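The following note is intended for a reader who meets this structure for the first time.

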Amino acid sequence: MAERPSWDEYFMQIALDVATRSTCLRRQVGAVIVRDRRILTTGYNGAPMGLPHCLTAGCHLVNGHCIRCLHAEQNAIIQGAYFGVGTSGSQLYCTHQPCNMCAKMIVNAGITKVVISGEYPDEFALEVLSTANIPLVLLPPPTLQRTEPLMTAAAESRENPSSRP
Ligand SMILES: [Zn+2]
Ligand SMILES: [Zn+2]
């Protein structure tokens, strides 16, 4: 029998599964918000409800970013608002590092820890999270081995760009 995954591995695996529902052609991102080891909400990146998806309308690129989509973390937080589920004191599992807008939303959503399995080139997001004292933990797939906190892992990845997702 395979070893049971840790809680971090379990929620990250779910975030990876959630990402497969993404409708963006650029990047598939999944997020899971958890409190007390229970899933509160999930989200993946895609266009707002009822609006054309990247899959049919193509990505809408501005400065290299697809602006058609809400981000996975945003959709996970919005799902809390939609169903009246509070996010205060929760933890976020995301397949990628949050961008700076998502990082700011994470702060104000009361999320206390962020676990990611892949990076995203947004240095200011790192500054936002660290200034807000929100730990950011890198748990890379597919082996899901725990590693050093992101700042160390990010430096390693810069030296070894082929390891990027
Ligand atoms: Zn897109
Ligand atoms: Zn974002």
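1. A crossing of two helices is called left-handed if the near helix is turned anticlockwise from the far one by less than a right angle, and right-handed if clockwise. Helices (H or I, at least four residues) and strands (E, at least two) are DSSP runs, numbered from the N terminus.

2. The model is predicted: local features need pLDDT of at least 70 and side-chain atom pairs count only at pLDDT 80 or more, while totals for chains, interfaces and linings use all residues. Residues are numbered from 1 along each chain as its sequence is written, and chains are lettered from A and ligands numbered from 1 in the order in which they are written.

3. The protein contains six helices and seven strands. Read from the N terminus, their order is α-β-β-α-β-β-α-β-α-β-α-β-α. Of its 165 residues, 38% count as buried (20 or more other C-beta atoms within 10 Å of the residue's own; exposed means 12 or fewer, partly exposed in between, with C-beta atoms placed from the backbone). Among contacts (C-beta atoms, placed from the backbone, within 7 Å) with a separation of 6 or more, 49% join residues 24 or more positions apart.

4. Helix α3 (residues 72–83) and helix α4 (residues 100–108) have axes that come within 9 Å and cross at roughly 30°. The two helices are therefore roughly parallel, a term for angles under 35 degrees. The crossing of α3 over α4 is left-handed. Glu 73, Gln 74 and Ile 77 of α3 meet Cys 102, Met 105 and Ile 106 of α4. Of the residues in this contact, four are nonpolar, one is polar and one is charged.

5. Which residues of helix α5 (residues 123–131) are buried? They include Ala 125, Val 128 and Leu 129. Viewed down the axis of α5, its buried residues fall within an arc of 90° (taken from the directions from the helix axis to the C-beta atoms), so they line one face of the helix. Glu 123, Phe 124, Glu 127 and Thr 131, on the other side of α5, are exposed. The buried residues of α5 pack against α4, β6 (113–116) and β7 (136–138). After α5 comes Asn 133, whose phi is positive, near 60°.

6. Glu 9 lies in helix α1 (residues 7–19). Glu 9 counts as buried because 20 other C-beta atoms lie within 10 Å. From Glu 9 to Leu 139 the C-alpha to C-alpha distance is 7.8 Å, although the two are 130 residues apart in sequence.

Notes. Two residues are in contact if their C-beta atoms, placed from the backbone, lie within 7 Å. Axes are lines fitted to C-alpha atoms, for helices over the stretch in contact, and angles run from 0 to 180 degrees between N-to-C directions. Angles under 35 degrees count as roughly parallel, over 145 as roughly antiparallel, 65 to 115 as roughly perpendicular and the rest as oblique. Ala, Val, Leu, Ile, Met, Phe, Trp, Tyr, Cys and Pro count as nonpolar, Asp, Glu, Lys and Arg as charged, and the others, Gly among them, as polar.
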